Amino acid sequence: MKDTIRVALVQPKPYAEFDDPRNIAHGLHLLERIRGHQLDMVCFPEYFPFAGEEMLAEAARDLQAYIVAGLVEQDGGRLYNTATLFDRCGRLLGRQRKANVGALERDHWHITPGDGVFRAFPVDFGKIGLPVCIDFWGQPDAATQLANEGVEIVFNISIFPILRGHWKTGALVRAFDNFLAVVGVNTADYNAVIGGRRYHQHGGGSFVIQPPRFLDKASFRRWFRSLDSLEDWVTVELDALEQVHVAEVHLGSVRRYRREFWNRFGFQRV
């Protein structure tokens, strides 16, 4: 199993209406920028492209990469805000439904909250988690559940009418508590139209957070003794413009040193 993966953070500027059918075409156009990059994962933000499952499956086959996208799922007459995962062959691997659904989502799109169970998805480079937006950075339950299930990296798709400035802080806390990597993907800065009203979406700031890379146990222990802040855990942070950024995420440190990290702090984990 590979220690280092290549991830594309797709930070699009959507059309004003969340469910605008042009968003899927725009998302696929952005993927042309990363053709040939030998990626492991492509990550879109929350509610983007909203729909377009078949076309995303085809894109995953074409890129031979996993894709996670913000899609609205309809099930039994109910709608769910989901992070939807496709494998390298374009097969639907599963969905993570958002549990903490905000007022705008409930009132305008009639989104139903998920069950609050956060699932570990096995992929060919380990186990991943897909908690949506505030489910991850706003409360500790998702990260704790996922780390206890052996998840090494979380893909946190998000949008921000409010609180974008707190997102990275919250994600850093979850990464520290659970000694895991986090890829957070937001839209670019833009104005959305919801129910006929304009809502500014505070865009940008997509990031990669990851524990440092250690050569051996001795280097881990030296690092631990000098640990003072988590500034060096933030290895990527994008500006507010539309872009696609390819980053490397190292999972070896999580695999080899998570238990020792917890043990040194006395964290009681399963």
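The largest cavity in this predicted model holds about 40 Å³ of space. A search of the whole structure finds one cavity of 30 Å³ or more. Its lining is made up of Pro14, Phe18, Asn23, Glu46, Tyr47, Phe48, Ile159, Thr187 and Tyr190. By class, the lining of the largest cavity has six nonpolar residues, two polar and one charged.

Phe48 leads on to helix H1. Phe48 lines the largest cavity and is also touched by histidine 26. Histidine 26 belongs to helix H1, which spans residues 22-31. Is histidine 26 buried or exposed? Its relative accessible area is 17%. The cut-off for buried is under 20%, so histidine 26 counts as buried. Leaving aside residues up to four places away in sequence, the contacts of histidine 26 are Pro12, Lys13, Tyr15, Phe48 and Glu242.

Now turn to the largest pocket. It contains about 370 Å³ of space. The lining of the largest pocket counts 21 residues. Nearest the centre are Lys98, Gly102, Glu105, Ile159 and Pro161. Ile159 is also named in the lining of the largest cavity. Which helix gives the largest share of the pocket lining? That is H3, with four residues. Helix H3 covers 103-109, and helix H4 covers 134-137; each supplies at least two lining residues. The pocket lining divides into 15 nonpolar residues, three polar and three charged.

Next comes a sheet. Six strands form an open sheet in the order E7-E8-E9-E10-E13-E14, and the pairing is mixed. E7 and strand E14 (234-237) stand at the edges. Each has a single partner strand, so one side of each lacks a neighbour in the sheet. From one strand to the next, the twist averages 20 degrees.

Walk across this sheet from E7. Strand E7 (residues 121-123) pairs with strand E8 (residues 126-129) in the antiparallel sense, over three bridges. The two form a hairpin with two residues between them. Here proline 122 faces lysine 127 of E8. The next pairing is parallel: two bridges join E8 to strand E9 (residues 153-157). Isoleucine 128 has isoleucine 153 of E9 as its bridge partner. E9 then pairs with strand E10 (residues 181-185), again parallel, over five bridges. In this pair, isoleucine 157 stands opposite valine 185 in E10.

A helix lies over part of the sheet. Helix H6 (residues 164-178) lies across E9, E10, strand E13 (207-209) and E14. H6 runs at about 25 degrees to E13.

Strand E5 (residues 78-86) has nine residues, and seven of them are buried. E5 is therefore largely enclosed by the rest of the structure. What pairs with E5? Strand E4 (residues 66-75) does, in the antiparallel sense, over nine bridges. Valine 72 stands opposite asparagine 81 in E5. E4 and E5 make a hairpin with two residues between them. In its turn, glycine 76 has a positive phi of about 60 degrees.

E5 also pairs with strand E6 (residues 92-97). Five bridges join the two, which run antiparallel. Alanine 83 stands opposite glutamine 96 in E6. The hairpin of E5 and E6 has five residues between the strands. Glycine 90 in this hairpin takes a positive phi near 85 degrees.

Conventions: Residues numbered from 1 in each chain as written. Predicted model: local features only at pLDDT ≥ 70, side-chain atom pairs only at ≥ 80, totals over all residues. Heavy atoms only, no water. Pairing = 2+ DSSP bridges. Buried < 20%, exposed > 50% of the residue type's maximum accessible area, 1.4 Å probe, protein only. Contact = heavy atoms within 4.5 Å. 1 Å grid on protein atoms, 1.4 Å probe; cavity = no way out; pocket = protein on both sides within 12 Å on 5 of 7 lines; lining within 4 Å. Points joined across faces, edges and corners; volume = space filled by probe spheres on them. Nonpolar A, V, L, I, M, F, W, Y, C, P; charged D, E, K, R; others polar. Axes fitted to C-alpha atoms, helices over the stretch in contact; angles between N-to-C directions.
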